[in-house]
Amino acid sequence: MPINDWFKARENRKYTVTSSASGDLPDGVWVKCASCKHTLYQGDLARGAWVCPHCAHHFEMNAPDRVALLADDGSFEETDAGLTSVDPLRFNAAKPYTESLAKAREKSGLTEAIITGRAAIGGHPVVLGAMDFRFIGASMGSAVGEKVTRAFELAEAEQRAVVLVTASGGARMQEGMLSLMQMAKTSAAAERLARARLPYVSVLANPTTGGVTASFAVLADVVLAEPGALVGFAGPRLVEQTTRQSLPKGFQTAEFLMEHGMVDAVVPRPDLTVTLATVLDYLTGGCVAAGGAS
Amino acid sequence: MARHVMDFERPIIELEEKLAELKRLEIAGMPELASEIEGLEAEIERLRQTLYAALSPWEKVQVARHPERPKTQDYLEMLFTDVVELHGDRHHGDDEAIVAALATFDGRRCVVLGHRKGKTTKENIRRNFGSPHPEGFRKAQRAMKLAEKFGLPLVTFLDTAGAYPGIEAEERGQAWAIAECLATLSDLAVPVVVVGIGEGGSGGALAIGFGDRLIMLENAYYSVISPEMCALILHKDASRAAESASCLAMTADDLVRLGIADEVVKEPLGGAHREPEVVFARVAEAISRALTELCGSDGAALAEKRYARLRAIGVVAEGE
């Protein structure tokens, strides 16, 4: 086949094309970048930490990949893997909550919207947590709240730092007030870790909104964010509808928030592990004994 | 002023209007209507009993939002004396959607916080309808720390549709301001008594909305999301809010059942706005009881207990 025809044939080929705009991590072989529209081979993308080689767009990353990216090789040891949500309110609007849970488990292969465990980052003992947006928008119900709280408590008990990578639509409405109260519970646990003077670093990934942003996610000693990540309390659509104003350029992106003094640094994913390790070096490397009466 | 009528009470209002008409005719010289009037009065009373005695969650939301319902400002004026309002967050401005004050309750010095809705449109615009910006929460946090520093118990009143979802609010860190309140409140070493008097909208309510006691008025609600927003997300239709309200477990009774609220203060038939003085007395009694139980406790022990209280909230399964 002449080379020109080959190109034409290739153009006409029906690829399995998904984009991060669908909210899902792509499962096809070929992936279209949501930003520059380049078609990318999924294997290359995965090896490159899900960052587009053409435009540096950061794809959403699932929790297992995130753990693999950040934890020192072989250091991760999952905790509370069997801790799961139940349906305390017997919530049934549009579809039963139990059905949403079953579907999320099947789709993600996870039991809940966050993975937590002991790990090392750059040799530092940490408790590492990563949220997974595929699981009901990584919303926080009782189980996520409990796992986050236990992560802080485990860190205090074992004198570890805490590193949490967040991505969430907010509190999980299917558990009603039990979900809202997880905001208070996780914030309380973060505050206790702070009192114990153990480091907590958060990484705000796309998208982090609602009750997760307005609780433990931003209570870290150092708050990092990924390039382009949407971070805020109210979602941009709600803000637009409420205020009837057009939103400023880049509204609620990580860069926008850094400009407004809300995050310490926007860190490209390829630099994330090293940055975390360096920050932990500093926060555990003081020459004056940390502590004293609190 | 035209009376605010909630949809579900229309049948009563219609009968009341008919009753008024009959009474006019009677006075105008038709005494034979007396027995009819009596019958209608009895019917209205019966209807009122059945309607108000079993309000659905969505109807309770209507009552909680009733414009004549007693507001934080009323409780502050009726229950407290020697009030000194504290303005400003020391960073950006003074958010009138939240009031902070030094105030005396029954001889006891306190710090009071509350969402502050207005009573008139003009006042509501100034107070942003009780929906705070970050500076409101930062003022609240400042008042919390003040309470702790000087050993003053904190009493808070919840009445907000939620934190304001605005452009400036996001720019100034709405989420950050709320989170800081949560962290500060969680281990504040003084008694914290929370009273849900009207709307308890999500994170904006929670920022000053948990402590050692949660007292809920019978028709107040407290919810992770507004019923309208929930309906919009689930059904793409905000008008199905009544259904959502029933699913969200947001009423005072629900909160007690879930182990989040401690007690429910009964309201007069038809809602707190019908007989505010009765409500003030009952709320005063509940606050008094809570403060008597809590004041005199060691601050650190209080914070420890509060953590245990939060720690127990949530229902999960633990398997292999």
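## Close-up views of a predicted model

**View 1. The contact between chain A and chain B.** This contact takes 47 residues from chain B and 50 residues from chain A. The model is predicted. On the chain B side, several elements give two or more residues, among them helix 7 (167-171), helix 8 (174-186), helix 14 (299-311) and strand 8 (316-318) of chain B. Helix 8 of chain B supplies the largest share, 8 residues. By class, the side of chain B that touches chain A has 29 nonpolar, 11 polar and 7 charged residues.

**View 2. Strand pairing between the chains.** Strand 5 (residues 83-85) of chain A pairs with strand 8 of chain B. The pairing is antiparallel and spans 3 bridges. Here Leu83(A) has Glu318(B) as its bridge partner.

**View 3. The open sheet of chain A.** Seven strands of chain A line up in the order 4-8-9-10-11-12-13, with mixed pairing. Strand 4 (77-79) and strand 13 (265-266) of chain A are the edge strands, and each pairs on one side only.

**View 4. Strands 9 and 10 of chain A, with helix 3.** Strand 9 (residues 124-131) and strand 10 (residues 161-168) of chain A run parallel, joined by 5 bridges. Ala130(A) stands opposite Val165(A) of strand 10. Helix 3 (residues 63-70) of chain A packs on the sheet and touches strand 8 (114-121), strand 9 and strand 10 of chain A. The direction of helix 3 makes about 160° with that of strand 9 of chain A.

**View 5. The two domains of chain A.** Domain 1 covers 1-59 and domain 2 covers 61-283 of chain A. Their C-alpha centres lie 28 Å apart. In the contact, 9 residues of domain 1 meet 11 residues of domain 2. The domain 1 side has 6 nonpolar, 2 polar and 1 charged.

Key: Residues numbered from 1 in each chain as written. Chains lettered and ligands numbered in written order. Predicted model: local features only at pLDDT ≥ 70, side-chain atom pairs only at ≥ 80, totals over all residues. Pairing = 2+ DSSP bridges. Helix = DSSP H or I, 4+ residues; strand = E, 2+ residues; numbered from the N terminus. Contact = placed C-beta atoms within 7 Å. Axes fitted to C-alpha atoms, helices over the stretch in contact; angles between N-to-C directions. Domains from an automatic or database assignment. Nonpolar A, V, L, I, M, F, W, Y, C, P; charged D, E, K, R; others polar.
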